[in-house]
Each structure stands twice: as C-alpha cells, then as structure tokens.
Amino acid sequence: MKQDLKNKLNQLDEISRRQFVARTAQTALGVSILPILGGSSKVLAAGGGKAEHCIFLYMSGGMTHIDTFDPKPGTETGGNTKGLSTGVAGIEIGHHLPGLAQRFKDIAVVRSMTQKTGDHRGGSYWMHTSYAPLATMVHPTMGPWAQTLLGKKHATLPDSVVVGGGGDHPGPGFFGPKLAPLPIGDPDRGVQNSERPMTVSEDQFEKRLDLMNSFDESFRKKFKTEEVAAYTQFYDETLNLMNSEDLATFKLGNEPNYEKKLESYGNTRIGKGALLAKRLVKSGIRFVEVQSGGWDMHNGIDAAMQTTGGDLDKALSALIDDLKAEGLFEKTLIVLGTEFGRTPQINANSGRDHHPRVFSTMFAGGGITGGQVYGKSDKLGIAVEEDPVNPMDFNATIAHALGLDLTKVVYAPSGRPFLVAGHKLDRATDKVVPEGKPIMQFFS
Amino acid sequence: MNRNKSKKILTAISLLAFSSSVSFAEMREWTSKDGKKLQAEFVGSSGAGNAAKVKLKLANDTIIEYPVSKLSELDRVFVKGSLPSDPAALAAEIDKLVINKMKESYLGLKNDLQELAADKEMSVADKTKRKQEIEREIEMCMPNPPTNDSQFMRRIYLDVAGRIPSYEEASRFLDSRDPNRRAKLIDELLASDAFAMRMFNYFSDLLRVREGVVMMGNNDLKADPYIEWIKKSVKDGKPYDIMVQEMLTAEGRIWDNPAAGYIISDSGMRLCNISNTFTIFLGTEITCAQCHDHPFEQVKQIDFYRMATFMGTTETRAGRRDMMMNEGNYRDEVTRMSALLKEAGKLREMETRDRVIEDILGSKRVAVNDTENQMVSLPHDYKYDNGEPNQKVEPAAYFGDTVNLEKFASPRAAFADWLTSPSNPRFTVNIVNRLWKMAFGYGQIEPVYNIPGHLDGQAQNYELLTFLESMMKDMDFKIQDFFRVIYNTQAYQRESETLTPTLTQIDNGTYHFPGPVLRRMSAEQLWDSMVTLSTANPESMVRKGWDQYKEVMHTDTTTLKTVPEIEKFKEKFRMVGGLSNGEMMMMDRSAGNVGGEKMVRASEMAQPQQPSHFLRMFGQSDKQLIENQFTAGSSPQVMALLNGSITNKVLSDPEAFLIKEIVYGPGKKGDKVEKIFLSILGRMPTPEEARMASAGMRAKKDRDMNEKDAKAMEVKAIGDVIWALVNTREFLFIQ
C-alpha cells in the first residue's frame with residue numbers, strides 16, 4: 001500500500017503531489033485501517049542492522065553524568081561519587097552502578113554527548129526526534145521511524161510501545177495517530193481496558209453485544225460511509241484481540257518465575273518497566289521505550305542517587321542478564337538516554353542543576369561491541385574534550401544498529417523532507433543529506 | 001486599535017445619516033466601487049446578502065435598483081442598517097445558492113453521462129467504472145430529505161451546545177408543537193454557556209491553548225485567564241475580528257491582559273508564530289517560505305521575513321535576572337524570602353532556596369511588550385539576489401492593502417490592523433470557511449488551512465462562499481449571528497449524506513452539500529455527551545479561580561517581611577492551583593466525581609488531558625499543533641467503550657444517574673426503554689427495538705423470585721441496554 005502511494009507520488013508533478021500528500025494525510029486521519037506491511041529492507045552495512053529490537057530506557061529529568069558514567073572523583077566537581085573499576089584498564093564508572101561495572105564488557109558508554117538546550121521538554125524533544133522543537137510541526141520518534149522505513153514488524157501487535165511516558169512524548173509526529181506508540185501508563189496494569197470488567201459475565205457481555213448489533217442495524221445499513229464501516233471493523237478486530245494470545249504478553253504476572261524475576265529487576269517502576277520491555281521484545285515488538293523519572297536532582301543528589309541510581313543499576317543489570325539468558329541480547333539494542341547532564345558545580349541545595357554542554361549515554365546488545373567508552377569530557381566534566389556526539393549522532397547510532405536507511409528522505413504531509421537522524425541541505429547539490437553520524441567505533 | 005475607532009465613527013455617522021434620511025428623505029452623492037458617482041435619494045432595499053439591492057430615487061423621480069455589493073464601502077455602511085438581517089431571509093438566500101449549484105452540477109453530470117455513452121475510444125470496463133462514478137455523484141446532487149425533529153435536535157445540540165440533549169431537554173423539544181421551535185432552539189442554544197464551552201473546544205484546538213501556555217518552558221504559567229477570556233468573548237458575542245485584534249496587540253502579563261496568551265504560546269519561537277498566525281487567521285500556509293521561496297504560491301522567502309518583521313520588535317521575556325516592567329530584581333527577591341524561610345527552619349535540610357517562591361516569581365518574567373529592537377533579519381544562509389544574509393528588512397505585506405506604518409503605534413498594531421481588515425482578501429474567507437466546516441463537515445475550500453490566492457474555481461461553491469463572506473462583514477463578525485443563519489438553512493436541516501464524498505469530488509469542487517456530512521463526534525462532543533448522561537447539569541461544573549490567581553500574582557512581594565506573611569502568600573498560591581498545572585483550578589476538588597471518574601465538561605478540565613485519558617484516546621488535540629485533533633478510530637477506543645469504567649460503571653451500574661434519576665427518578669412516569677433511547681440517541685425506539693430491550697427486564701414469572709431480586713434483574717437489564725446503545729455507531733456519529 002505504502003509502496004503504491006510512493007509510486008503514485010513519483011508520477012505526479014510537484015503541484016499535484018503537494019495536494020495529493022495533503023489530502024492523503026487527511027483521509028488517513030479519517031479512516032485508519034490500512035496495515036503497513038512491507039517497506040524497504042534493512043541496511044546491513046558496517047556492522048549495523050543486527051538489532052531487531054530496541055529497548056530505550058529514557059531517564060527523564062536529566063541524568064547526572066558525573067555521578068553515573070563519567071565520575072570525577074577527587075576533583076572539585078566530583079562530589080561524593082567514587083570511581084568503581086570496570087575491569088577495563090583505565091575505565092571507571094560511578095560507585096552507584098556496581099552491577100553495570102561488573103557487566104562493563106557488554107556495554108559501551110558515550111561520555112561526550114552535547115545538547116543545545118537546558119529545558120526538559122526541549123532537551124527531551126531533541127533526543128527523541130533529532131530536530132529542534134517547532135510550533136508548526138511535530139517530528140516523529142524512533143519507533144514510528146523504524147516502522148515507516150522497515151514496515152510493520154508484527155501482524156497484530158503494535159510496532160512501538162512507550163511505558164510510563166508523559167504527555168510530552170512526540171510519539172508518531174507527522175506520521176499521524178496510525179503509527180502512535182501504544183502507551184502503557186503503569187507496567188502493572190498492562191494495556192488499558194483490555195479485559196472484560198469483573199462485574200460483567202461472559203454471557204452478559206455476549207448479550208450486550210447482540211443488543212448493540214441489533215440496535216445499530218438500521219443505522220449501519222443507511223450510512224454506508226467509510227468511517228462507519230471502519231468503526232465496525234475496529235469492533236471486530238478488537239474483540240478478536242481481546243481473545244488472542246497477544247494481550248497476555250502485556251501482563252507482567254504471566255512472566256515465568258515472576259516473583260524471582262521481580263527480585264532481580266527490582267520491585268520498582270524502572271524494574272517493572274524493564275521486565276515488561278523484555279516480555280514485549282520477546283513476543284516480537286520492535287521498539288519499546290521505558291521512561292523513568294527521579295533524575296532532576298536539584299536537591300540532595302547523594303541521597304537521590306542512592307535510590308534512583310541504585311534502581312537503574314539493578315534493573316539494567318537484570319535486563320542484560322535476562323536478555324542473554326533468553327538468547328535475545330544479540331538482537332536487542334539497549335539504549336540509555338536522557339535530555340542533558342547536570343552541573344559539575346554542586347549548588348547551594350547540595351544538588352546539581354541542568355547542564356546540556358556535556359553528558360553521558362549508554363548502549364548495549366544488538367551488535368554493539370561492549371567494554372568501551374567513546375568521547376571524553378574535560379577534567380571537571382564541564383565541556384566536551386574529544387569527539388562530541390549530538391542528539392542527531394545519538395539517533396543515527398540507534399538507527400544504524402536497527403538497519404535503518406539514514407539517507408532515506410521521507411516527506412511530511414506539508415511536503416517538507418525529513419530524515420531519521422536529522423538533515424541539512426547540501427548547498428553544492430541542493431539536496432537534503434543526513435546530519436547525524438553513527439558512532440562507528442561501537443560496531444567494530 | 002486604530003481601525004476599531006474609525007469603524008465606530010463610521011457607524012455613528014451612518015446612524016446619524018440614516019436617521020436623517022428617514023425623516024428628511026434627501027439627495028446625497030452615491031459612489032460605486034469603481035468610482036462612478038450619482039445623486040439620488042435612498043428609498044428602500046430588496047433581497048439579502050449578495051443579492052441585496054438598494055432602491056434609489058433619481059432627481060427625475062425614476063427609481064433604480066443598484067446592487068449593494070457594487071457600492072463603495074462608505075455607502076455600504078450608510079445603507080447597512082436598512083438591509084434585511086432576518087436570519088430566515090439570509091438562510092433562504094443561502095439555500096437558493098446551494099440548490100442552484102447542485103442543479104448546475106446535476107445538469108453537467110447528466111451531460112457527462114451522455115457524452116460518455118457516445119464515447120467510442122473508451123474501453124467497456126473503463127466506461128462502466130466512469131458511469132458508476134458519475135451516477136454516484138449525481139446521487140449527491142440531489143438534496144437529502146429534511147431531518148425529522150429527533151435528527152435535527154440531536155445534531156443541533158451537538159453542533160451548538162457541544163453535547164447531546166439531556167432527557168429533559170429532548171422531551172421538551174419533541175413535545176413542543178410550536179411551529180418556530182427549531183429557530184427558537186437555535187437561539188436558545190447560541191445564547192447558552194454550553195455554546196461558549198463548545199466554541200472554546202474549537203478555539204483551543206486552533207490556538208493550541210494548553211496549561212503552562214508556553215510550548216517549551218517550565219510550565220509555571222497558568223492558562224486560566226486566557227481560557228476564561230476565550231469563553232467570555234464567545235459568550236458575550238464579541239466580534240471575531242476584535243478578538244483577533246486583541247490577541248495580536250495584547251501587551252503585558254497573562255493575568256492582566258489574558259489575550260496576551262496567544263503571543264506567549266509561541267514564546268521563543270518568533271518565526272513559527274508568524275507562520276501560525278497565517279495558518280490560523282488567514283488560512284494560509286507560509287511555513288515553507290521560512291527557508292526558501294514557496295514552490296507553489298506567490299510567496300518568496302523575503303516576503304516571509306518582511307511579514308515576520310512586523311512582529312520583530314515584540315518580546316515575550318525579560319532577561320534572566322530582571323523581572324519585567326521594573327518591579328525589582330527577581331533573583332534578589334527569591335534570595336531574600338528564602339533566607340527568611342531558611343532561618344525559620346521552613347526549608348529542607350539541604351535547601352537554601354524555596355522552589356515555590358522561585359517558580360511564582362519566575363512566571364512574572366513572561367509578558368508581551370514592544371521594544372525598540374528589531375529581532376528579525378534574513379537568515380544567515382539567505383541565497384536570493386533580493387537581500388543579503390542577516391540583513392534587516394522593512395515590514396511589508398505581500399498581499400492585501402499596503403500598510404502605512406506611520407498611522408500606528410507599533411509595527412505590530414499595523415500588522416493586526418492589516419490582518420483583520422475587511423479588505424484583507426483572506427481574513428473573512430478563512431473564518432467563514434472554518435465555521436461552515438463546523439456545521440457541514442467540509443469546508444467550501446479544503447484543506448481549510450491552505451486557501452489559494454484566487455478562490456474562483458477552487459471553492460465548492462464560489463457564489464456561496466462570497467455570499468458568506470459579505471454576510472459576515474455585514475454582521476460585524478458576530479459568530480452567533482453567522483451561525484444563526486447557517487443553522488436556520490434548509491441545507492443544514494437536511495439529513496446527513498449517506499455516502500462518503502470522494503477526494504476527486506472535493507478536489508474538483510463537485511461536492512455541493514446535499515446535507516451535512518456524517519461526522520464522528522469530536523473527542524470533546526463524545527466526552528461531554530457522556531457527562532450529560534451522568535450528571536444533572538453538565539454546565540454547572542466550571543473551572544474557576546482565574547481572578548484569585550490574578551490577585552495572588554499582583555501581590556507586591558517586597559511587602560512580605562515576615563515568615564507567616566510569606567507562608568500565607570504561598571498558601572494562597574496553592575489554593576489557586578499551585579504549581580502543578582495538570583490540576584483543575586476548581587474550588588471544590590471533588591466536583592464532578594461520578595463513580596470514580598471526573599465527569600466534567602472537557603472545556604473545564606486540564607488542557608490537554610494525559611495521553612491515556614478517554615478524551616485523548618478519542619482524539620483530543622495535544623495542543624501542540626494547530627487543529628491537531630483527530631476522529632480516526634483505534635482499538636484502544638473500542639476497548640474503552642467495551643470494557644472501560646465510563647460505559648460499565650458511570651453510565652450503567654445501579655447507582656448511575658441515568659438509572660437512578662431518569663429511569664426510576666422521582667416523578668418520572670413513562671416507559672423505561674423509551675427514556676433510555678431518548679436520553680442516549682435522542683429518539684424513540686422502534687417497536688422491534690423496544691421488544692428486544694425489554695425482553696431481559698421482565699423476569700420469566702419465576703414465583704420464587706422476590707420483589708427485590710426482580711428489581712435487581714430489571715436494573716441489570718437496563719444497564720445492558722444503556723451499554724449497548726452507547727456502543728452503537730449511531731451514538732458515536734452525528735447524523
């Protein structure tokens with residue numbers, strides 16, 4: 001279907017293409033039944049494309065780099081965070097992350113992330129989309145990009161899921177609600193409203209459906225519009241979904257040895273989020289984002305790191321072990337991201353404030369070579385000293401691991417061109433070219 | 001500002017002139033649009049809207065008729081008061097134009113059919129296909145039958161009040177034998193609070209009204225004054241052009257001048273703001289021209305920057321350390337008060353600054369003001385010959401009237417005047433096209449945000465569109481008056497179209513509104529209908545507290561010298577909603593709680609709701625982009641209706657309002673099934689439906705069943721019927 005559209009687009013001259021695109025977008029909003037299967041194939045060049053899935057752990061609030069992956073013990077900005085040996089010569093990480101220090105051979109750290117803005121929403125927007133926030137359009141996030149470039153991964157399950165996200169998630173952006181990641185507010189509760197309420201018996205439910213269909217018969221007969229037909233189809237599909245195995249995958253309690261698993265992941269929001277992400281990936285979902293807060297540590301950073309940092313260490317360590325045990329680690333990319341770092345200077349409230357100039361992120365699994373650090377911050381963790389990585393490069397690295405074509409131009413309904421990891425105009429050729437560059441060192 | 005004044009003066013002159021012309025019929029000079037002059041006496045008028053004509057008596061006593069549309073603006077104002085403004089007359093005029101167009105199209109299509117039959121080149125298969133297409137279109141060129149009272153009632157409630165009628169409202173209307181009941185209902189609803197709520201939902205999607213106001217910011221600012229201003233403007237019937245002027249020219253802080261919310265929304269995004277202003281108020285998409293000459297329209301990159309330059313001296317923020325407007329230093333005040341609190345042990349161990357104080361005072365830094373600095377210049381990579389990179393340009397409009405900056409206090413005021421002027425070729429067309437779409441489901445021009453430079457041949461019905469345009473101007477942009485005419489047309493009061501118009505039809509301008517398009521309820525209409533089904537008075541629960549907010553923000557903090565004074569100030573702020581903007585600023589936080597859900601009209605709740613809320617699931621806009629609401633279906637929506645608490649608990653459990661107060665309510669005699677059907681679908685059940693619905697209500701005369709069990713069984717069966725009706729497509733769509 002998508003391919004058909006594209007072919008049609010190419011045959012149209014510019015003006016009608018614009019109209020066509022605009023109109024198509026509108027109808028797609030009106031009726032959205034069309035499955036998007038197919039799409040182009042993976043780009044497997046240079047060690048990329050090994051990841052079939054991605055678990056994106058997003059640390060919302062701004063994860064302190066000095067107290068996690070880029071410790072500066074003994075310096076004036078180091079605070080009370082000590083360095084912990086990773087087993088790789090010359091590399092230490094913060095003492096709040098003992099589990100990850102042990103598993104360092106499996107992880108790759110970026111210490112030279114840099115960002116343009118120090119406000120939460122703006123920073124998060126850049127990290128999620130590779131673009132500056134605009135008041136005239138919303139850019140898509142990685143899950144919907146992957147679905148657009150590779151086609152839908154699973155016939156009945158959604159392609160992307162966001163666990164614990166807030167209202168600001170850019171979601172499908174201009175791809176429209178059809179590609180919206182399925183939101184799971186609370187990992188314990190799974191998909192909202194997916195089960196018949198306890199107060200309604202199966203017989204009663206059937207009876208209600210019969211009544212509904214009878215009462216609605218004359219209306220459906222009279223109004224043969226596409227929208228009415230679409231809703232009737234949604235009812236049929238949803239009733240099928242309710243009876244399918246697919247929904248079971250969203251139930252944490254169905255995990256074998258659930259109690260024991262919970263012990264290792266931690267009975268925390270991030271622990272449960274990570275466990276759910278593993279379940280979803282295992283049943284075929286491509287992109288799962290887990291958002292976890294508590295990182296906006298303006299006050300009392302030491303105490304905050306003990307809980308928030310500790311919870312992360314436990315959950316992420318368990319996730320790596322679990323994916324390995326299930327044989328999923330090699331085909332699942334784990335990414336740890338955040339909107340910015342925190343000021344090297346400790347403030348009057350014993351906390352650290354927003355610091356976009358330099359911060360850290362982390363990658364693992366899905367074809368990433370572990371046991372290494374890319375880039376460098378300066379002695380006090382104030383600025384990038386070597387190999388700066390911006391949000392476009394960050395997303396290019398994820399996209400490369402997933403085998404997405406970084407050069408593929410996709411047009412928004414307004415007719416403007418966009419690329420998965422940002423773009424710029426090449427003045428010489430007047431063509432749009434990719435802006436973000438993957439960290440190739442991670443793929444060798 | 002300037003034009004408002006001149007408009008008022010003109011009206012005053014015309015009243016004067018008119019009253020004198022009535023008492024002393026006198027000769028005056030008349031001027032036509034193209035400058036021809038004539039001495040004549042005004043003796044009357046005929047027709048309405050575009051067809052309106054003045055009767056003029058010449059010196060030789062002959063009476064001539066002359067089209068009002070061809071008179072000069074001054075003469076139009078002169079005769080305005082004596083033109084028919086009766087909604088019924090204007091509605092009849094619209095109906096004539098709708099039917100004419102349909103007739104014309106019908107004959108054209110019949111002709112196409114004949115030509116097709118005669119076509120010898122086309123293959124049989126293609127011919128058959130084309131024939132079917134034409135026949136389908138012909139079917140849509142015949143006006144649909146008139147609605148019955150039930151259909152009309154449900155539709156007009158949803159369109160004007162934004163929700164279905166309650167049981168009481170439905171029975172009252174359907175029982176009425178007043179021949180003018182439809183027109184009266186339209187009047188009643190247009191004057192209601194419900195209409196202001198409905199229009200707020202529309203405007204908040206268009207203008208992106210959200211808690212925190214600023215798109216990328218710290219969320220501390222309260223949207224309440226702006227929200228209240230929109231509702232009140234609608235309720236008071238403030239002319240739309242004045243509303244827009246107020247938004248574009250507002251100065252100051254949001255609690256002092258709520259209309260400032262519009263400019264503040266795009267704080268820090270100056271260039272996006274000018275694009276948004278064009279899309280919202282002129283139906284024109286110029287975003288492309290921000291980076292390059294527009295490939296399809298006559299708008300160059302330099303035009304974009306000339307336009308943006310009008311707003312280039314307007315600021316929305318002060319420097320980091322200053323509060324705006326010379327109220328002292330913001331940081332110093334925070335430090336002073338925090339120190340007092342710290343000393344009194346009111347801060348946590350490791351804190352030295354009070355976050356609440358910091359955030360309250362921080363929001364004082366947001367305000368709209370005009371400066372001397374021009375902040376817009378051509379981009380650093382400007383590549384055309386008509387300008388240099390980083391060069392400042394003179395403000396200028398690339399269409400419409402030439403702007404004379406000297407007449408205005410600021411370039412911004414000049415821009416607002418240019419934009420809202422009746423002679424701006426897109427300002428009026430944009431709003432009438434949008435309002436028409438609200439009533440009929442499609443605009444005369446689609447998409448509504450991209451009105452082409454020349455309208456003829458682009459609109460579904462060009463004559464009708466220009467009629468609506470001049471009608472709106474004659475009505476001084478009063479939205480209620482405009483809708484009154486639209487809703488009184490036969491065209492609106494016909495049954496909905498049963499087929500989906502094709503894109504080709506929309507593109508070629510051959511869809512002519514045989515009736516309104518069948519529409520899915522908007523998320524807000526659906527939610528507000530659920531509220532109607534679960535509470536006695538859906539409009540009684542309103543968001544309030546914006547005036548207290550203003551009071552708190554007006555506190556001169558330098559007078560707060562003691563810890564108790566500072567604490568009291570913080571408490572006052574907490575009372576008006578505190579720092580979390582997701583909360584409603586309602587005095588009573590338990591208001592509207594039904595079965596664990598907050599059943600309050602969408603316009604009174606946080607804007608927007610969280611993504612998992614019923615409203616967002618059904619397409620409430622996230623308020624990030626202009627018109628970002630959607631009505632597409634999805635599985636989560638269906639699951640919410642099948643399994644969610646609204647349908648299973650709020651509406652259908654034994655304690656539900658519908659069951660307790662309507663079906664078994666005091667003084668509510670009558671058939672139970674009829675009451676449910678009337679409440680939910682606004683119509684009576686067919687005999688077959690009534691039989692099916694009541695089948696489960698009566699026990700099969702089980703002798704052992706006591707009265708209590710029998711009642712419980714009946715209540716359960718009623719709940720099933722309610723659930724089933726709310727799950728029908730008939731409920732979800734606006735017929």
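A: Angles here run from 0 to 180 degrees between N-to-C directions, and the axes are lines fitted to C-alpha atoms, for helices over the stretch in contact. With that in mind, and remembering that this is a predicted model, consider helix α9 (residues 269–282) of chain A and helix α10 (residues 301–325) of chain A, which pack with their axes 9 Å apart and at an angle of about 20°. Because angles under 35 degrees count as roughly parallel, α9(A) is roughly parallel to α10(A). The crossing of α9(A) and α10(A) is right-handed. On the side of α9(A), the contact is made by A:I270, A:G271, A:A274 and A:K278, while α10(A) brings A:D311, A:L312, A:K314, A:A315, A:L316, A:A318, A:L319, A:D322 and A:L323. By kind, the residues of this contact between α9(A) and α10(A) divide into 8 nonpolar, 4 charged and 1 polar.

Turning to the surroundings, the contact between the two chains takes 63 residues from chain A and 57 residues from chain B. On the side of chain A that touches chain B, the elements that give two or more residues are α2 (14–30), α4 (120–129), α6 (202–222) and α7 (226–242) of chain A. The residues of that side of chain A divide into 25 nonpolar, 22 polar and 16 charged.

Terms used:
Residues are numbered from 1 along each chain as its sequence is written. Chains are lettered from A and ligands numbered from 1 in the order in which they are written. This is a predicted model: local features need pLDDT of at least 70, side-chain atom pairs count only at pLDDT 80 or more; totals for chains, interfaces and linings use all residues. Two residues are in contact if their C-beta atoms, placed from the backbone, lie within 7 Å. Helices (H or I, at least four residues) and strands (E, at least two) are DSSP runs, numbered from the N terminus. Ala, Val, Leu, Ile, Met, Phe, Trp, Tyr, Cys and Pro count as nonpolar, Asp, Glu, Lys and Arg as charged, and the others, Gly among them, as polar. Angles under 35 degrees count as roughly parallel, over 145 as roughly antiparallel, 65 to 115 as roughly perpendicular and the rest as oblique. A crossing is left-handed if the near helix is turned anticlockwise from the far one by less than a right angle, and right-handed if clockwise.
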